[in-house]
Amino acid sequence: MTGDTLSLDPAPEAGHDEPGSPDASSTDRSATKRAARRAAARAAAADEATAAYRARHKHARRMRPEADVLQRALHDTTLAPHTTSSDWLVGALDRFAGIQEYTLTEWGSDLVEMPLHRIRFFKVHGAVVWDREARVDNVFGSSGNHALRLDQFLARRLGAPPQVHAE
């Protein structure tokens, strides 16, 4: 064993993949071409998938988040003639009990300690005005489904004339 070197690499076969042999360069070129074709196919598939996604979701807009709805329900004085905080119900997902409904006064108290991302819907006078899963937004009209604003919704629901807002 003296003077012998131990190599873990298998010995190359004669005429194959040796530097300078004609087979090595053609193998490298064909492998590079195959890799380029695979990359181009993946890019084309990704472009096609992106185009299909955009076509399906062409009219979908981002809804205003539940925090905005909650702030409007608590602080918008234009809603005061029509609603109080006890008229609003917050539907939130409890990890153990499922969806629970709370009034705004209960939600703001220490009785309910739940993060905002668990809110699933808001109801006013028993009618859903904001629902994440159904993409209903009658509070701001941000869902893009030709929804009414909250003042128009309440006017129809309660039979009161809508208030005019200068925007």
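Trainee: Are Phe 122 and Trp 130 buried or exposed?

Mentor: Both Phe 122 and Trp 130 are buried. Buried means under 20% relative accessible area, exposed means over 50%, and partly exposed is in between, with a 1.4 Å probe and protein chains only. Keep in mind that this is a predicted model, where local features need pLDDT of at least 70 and side-chain atom pairs count only at pLDDT 80 or more, while totals for chains, interfaces and linings use all residues. Residues are numbered from 1 along each chain as its sequence is written, and side-chain values use heavy atoms, with hydrogens and water left out.

Trainee: How many aromatic pairs does a search of the whole structure find?

Mentor: The search turns up two aromatic pairs. In Trp 88 and Phe 122, the ring centres are 6.3 Å apart and the planes stand at 80°, so this pair is edge-to-face. The rule is that rings of Phe, Tyr and Trp (its six-membered ring) pair if their centres lie within 6.5 Å, with planes under 30 degrees apart called stacked, over 60 edge-to-face and the rest tilted. Trp 88 belongs to strand β1 and Phe 122 to strand β3 (residues 119-124), 34 residues apart, and the pair links distant parts of the chain.

Trainee: Why is the pair of Phe 122 and Trp 130 called edge-to-face?

Mentor: Their centres are 5.8 Å apart and their planes are at 70°, so edge-to-face is the label. Ring pairs join Trp 88, Phe 122 and Trp 130 into a cluster.

Trainee: What makes Arg 64 sit over the ring of Phe 140?

Mentor: The charged end of Arg 64 is 4.0 Å from the ring centre of Phe 140. A charge sits over a ring if NZ of Lys or CZ of Arg is within 6 Å of the ring centre and within 35 degrees of the ring normal. Arg 72 also lies over the face of Phe 140, at 5.5 Å from the ring centre.

Trainee: What does the side chain of Asp 94 reach at 2.8 Å?

Mentor: The side chain of Asp 94 reaches the backbone nitrogen of Phe 96.

Note on methods. Polar contact = N/O pair within 3.5 Å; in protein donor to acceptor, adjacent residues only side chain to side chain. Helix = DSSP H or I, 4+ residues; strand = E, 2+ residues; numbered from the N terminus.
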